[in-house]
Amino acid sequence: MTTNIQKTTLVTMIIFLTVGLYSCATSYNGSDEVSVARGQAVYHEACAPCHGDNGDGSGPVSVSLTTKPRDFNLGVFKFRSTASGELPTDYDLLRIINSGIYHTAMPSFAQMSIADQYSVVEYIKTLSPAFSDSTQYPLDTVKISTPVPYTYDSIERGREVYLNMHCWSCHGITAEGNGPSAPTVTDDQGNHIQPTNLTHFWDIKVGRTPEKVYLIFSTGLNGTPMPSYTQILTDKQRWDLANYVYSLSHTSRYYDGKQLSDMK
Amino acid sequence: MKATPYRALFMAGLAILFVGIFANQSEAIPLFARKYHVSCFRCHTVPPVLNDFGRRFQINGYQLPGTDESEPIWAQEPLSLSFVFYPSFVSAHTVTTTGGVTQTNDELSFEPSGLDLFTAGTIAKHLSYFLAAPIGIDGPGQFSPSIETMSIMFNNLLGPDGQSNLNFRFGRYRLWNTFPDNTSLVESADYLIYDYDPAQGSLLIAEPQWAASVYGFLPQVMDGLRYELALSDGTDGGASLKDNSATFLMLEQTEYIDNAPFRLGVYYYGGKQMVGVNTSDNLARMGFAVEANDPWTKRFDLSFQYMNATDDNIGGVKQTMNGGFLGLNVLIVPEKLFVYGRYDFTKVTETSEKQNQWTGGVRYHFAPNVGAYAELSFLDDNAPAALTDTKTTLSTLGVMVGF
C-alpha cells in the first residue's frame with residue numbers, strides 16, 4: 001500500500017529524527033555545575049517562548065499576553081531588594097524564577113533544579129551590558145526595619161498617607177485600580193500598565209505580606225511610574241502604608257468614605 | 001413554533017449576558033492555571049489553541065518546561081481537577097438536492113454539551129498522567145460518564161531532568177500532529193480530513209486511540225523539533241495487532257522568524273484494519289502542515305494542512321482522497337477578542353465526491369476561563385455518484401466555562 005513517495009518521506013523523517021536525538025544526547029548532562037552555557041540551554045527551552053531568544057521580551061508568546069514579559073536587554077527590573085534605579089541582586093532574580101509572579105504569565109519554576117535556576121540567573125545577566133558595568137556596583141540593598149505592628153491605628157494612618165501621597169490617582173480612592181490616571185499609566189517602553197486592584201488578593205503580584213509591600217515602597221518599581229518613597233516618607237509612614245495596603249485584601253478593608261470629588 | 005436564526009441569536013445573547021455577569025464574579029480557573037497560579041493564556045493563544053509554551057508544557061508531561069516534578073498529585077494543593085462546560089445554540093439550515101428534487105429543513109437546537117472532567121499531573125518523578133472524562137447529560141437525573149483519553153507518561157528518559165527529549169506514553173489518547181482535532185478554535189465544524197473514514201473502521205488518525213508512543217521535544221534543533229512514533233490499535237482497542245494496527249510517525253520543526261513562530265510538520269499514519277469478516281482494509285494517511293505567524297504584528301496566525309489518504313478496499317476497490325484546510329486566527333485584543341476563519345476541502349478521486357466547508361467566527365473572553373463565541377459555517381457536500389448535493393448552514397452561539 002505504501003508508495004515510493006511515502007517510503008522516501010518516511011526514511012527522510014527517520015534520518016532527521018536520528019540526527020536530532022544525537023544532538024540532544026551531546027548536550028549538557030545535568031550535573032550540579034552552574035554555568036552560563038547551561039543557563040542558556042535551559043533559558044532556550046523554558047524562557048525563550050515569552051522573553052525571546054535574545055531576551056528582549058518579545059518572544060512568540062508575548063504578543064498574546066496583556067502583561068508583557070521583561071526585556072532583559074534593558075537591565076531594568078521591577079521587583080528587587082535594591083535601591084531605586086539599581087540592578088537586582090542574584091537572589092532577587094532567583095526568587096522570581098523560583099516563586100513566579102502572581103497574576104501574570106510568569107509561573108513558579110520551583111520544580112526546576114536549583115543548579116538550573118542559578119544557571120538561568122547567570123545567563124540573564126549576560127543579556128544586558130548593565131550587569132558587567134562596574135559603576136553599577138556595589139548594590140545598595142534595602143534593609144527591612146522593625147515592622148510597625150499591624151493594628152487598626154496603623155492601618156488608619158496608612159490610609160491618610162495613601163490619600164496624601166496621591167496613590168489614589170492610579171490605584172483609586174477605593175484602591176480598586178481605577179484611579180483617574182489608571183487608563184494612561186505606561187511603563188518606560190510605552191506598554192500600558194493596569195494599576196493593581198489592591199482589594200483583590202489574587203490580583204497582587206508580589207506584595208503579599210506587609211514586609212513585601214514595605215519593600216516595594218522602599219525600592220520602587222524600576223521602569224514604571226511607581227517610585228521609591230524612602231526620600232519622601234518616614235520609615236514608620238512606609239510601614240503604616242504597607243499595613244493599610246495589606247489590609248485592603250485581607251481582614252479590615254478600611255475605607256474612610258472619601259470620594260474622588262473630595263480629593264480634587 | 002418556527003425556528004429562526006434570529007430567535008437563536010436572541011437566546012444566545014441572553015446566555016452571553018448571563019455569562020458576562022457570572023464572569024465578573026468568577027475567580028475560578030482551570031487545572032493547570034490554578035496549579036501554577038497563572039492565566040490560561042500562559043499556554044493558550046486562545047483556549048484551546050496551544051501556544052509555543054503550551055506545547056512544551058504538554059510534551060513535558062504536563063509540567064513546566066525545564067522541570068521534572070516529583071510531588072504526587074495527592075500531596076499537592078489544590079487538587080488537580082477541573083471541569084469545562086460549553087453549551088451552545090445551533091440553528092441549522094439544510095438544502096438537499098437528490099435527483100433534481102430539492103428539500104429544505106430548518107432546525108434550532110440547544111446543545112447542552114455535558115461536562116468535561118480533566119485531571120492530570122505528576123504521580124512520581126518521571127511519571128505523570130492525563131485523563132479526560134466527559135459526563136454526558138441525557139435527561140433529568142440521567143448522566144453518561146465516559147473516559148475519552150487516559151494515558152500514563154514516562155518523562156525524560158534520556159535526562160537530564162526537565163529535558164523532554166525522550167518520553168514514553170501508553171493508554172488511550174490523541175496522537176500529536178501539528179493541528180490536533182481538539183485544539184481547533186472552530187467549535188461547530190470539524191476538520192473534514194480528520195472525519196474521512198470510508199471504511200468505517202477504527203483507525204482514525206485524529207481520534208483518541210489505544211496506542212503506545214515514544215515522543216519528545218528537542219530544543220537543540222533550531223527552535224525545537226517535536227516528534228512522535230506510535231503503534232496504534234485503533235479507537236476501540238482490544239483487537240489483535242495482527243488484524244488492526246497502524247504506525248504513526250510525526251515530525252514537527254519550529255523556527256522563530258523575528259520571534260514569530262513558523263512550524264512545519266509532516267506525518268504518516270498507516271496500517272491495516274478489519275472492516276468485515278475476513279475483510280481487511282490497508283490504509284495510509286500522509287500529509288504536511290504549516291503554521292506561520294506574521295513576523296510584523298504577530299497577530300495573524302495562518303495554518304494549512306494537506307493530506308493524502310488511500311484505502312485499498314472500500315467496497316472491494318481502492319479509494320483515494322486528497323484534502324486539507326486553510327485557516328486564519330487573528331488576535332484583536334490580547335486575552336479578550338479573537339476572530340477566525342477556516343476553509344476545509346476534500347475530494348475523493350474515484351467517486352468525484354467533493355466537500356467544501358467555510359467557517360468564520362468571533363470569540364470574546366470575559367475572563368480567561370469564560371468565553372463566548374458566534375460562528376457561521378457553510379458545508380457543501382457534493383456526491384455525483386449518489387446524485388446528491390447537500391448544503392448545510394450552521395449558525396452557532398455558545399459559551400465556554402472552565403472551573
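Are α4(A) and α5(A) parallel or oblique to each other, or what else describes how they lie? In this predicted model, the axes of helix α4 (residues 90–99) of chain A and helix α5 (residues 114–124) of chain A cross at roughly 125 degrees and come within 9 Å, so the two are oblique to each other. The crossing of α4(A) past α5(A) is right-handed. On the α4(A) side, the contact is built from Asp90(A), Leu93(A), Leu94(A), Ile97(A) and Asn98(A); α5(A) brings in Gln117(A), Tyr118(A), Val120(A), Val121(A), Glu122(A) and Ile124(A). Sorted by class, that comes to seven nonpolar, two polar and two charged residues.

Helix α5(A) also meets helix α2 (residues 36–46) of chain A, with axes that come within 7 Å and cross at roughly 100 degrees. That angle falls between 65 and 115 degrees, so α2(A) sits roughly perpendicular to α5(A). Here α2(A) puts in Val36(A), Arg38(A), Gly39(A), Gln40(A), Val42(A) and Tyr43(A), while α5(A) answers with Ala115(A), Asp116(A), Ser119(A), Val120(A), Glu122(A) and Tyr123(A). This contact splits into six nonpolar, three polar and three charged residues.

As for nonpolar cores, the largest has 83 residues. Those with the most contacts inside it are Phe109(A) from chain A and Tyr194(B), Ile205(B), Phe248(B) and Met307(B) from chain B. A second, separate core has 22 residues, among them Val148(A), Ile155(A), Tyr214(A) and Tyr254(A).

Methods
Residues are numbered from 1 along each chain as its sequence is written. Chains are lettered from A and ligands numbered from 1 in the order in which they are written. This is a predicted model: local features need pLDDT of at least 70, side-chain atom pairs count only at pLDDT 80 or more; totals for chains, interfaces and linings use all residues. Side-chain values use heavy atoms; hydrogens and water are left out. Axes are lines fitted to C-alpha atoms, for helices over the stretch in contact, and angles run from 0 to 180 degrees between N-to-C directions. Helices (H or I, at least four residues) and strands (E, at least two) are DSSP runs, numbered from the N terminus. Angles under 35 degrees count as roughly parallel, over 145 as roughly antiparallel, 65 to 115 as roughly perpendicular and the rest as oblique. A crossing is left-handed if the near helix is turned anticlockwise from the far one by less than a right angle, and right-handed if clockwise. Contact means heavy atoms within 4.5 Å. Ala, Val, Leu, Ile, Met, Phe, Trp, Tyr, Cys and Pro count as nonpolar, Asp, Glu, Lys and Arg as charged, and the others, Gly among them, as polar. A nonpolar core is a set of buried Ala, Val, Leu, Ile, Met, Phe, Trp, Tyr and Cys residues joined through side-chain atoms within 4.5 Å. Buried means under 20% relative accessible area, exposed over 50%, partly exposed in between (1.4 Å probe, protein chains only).
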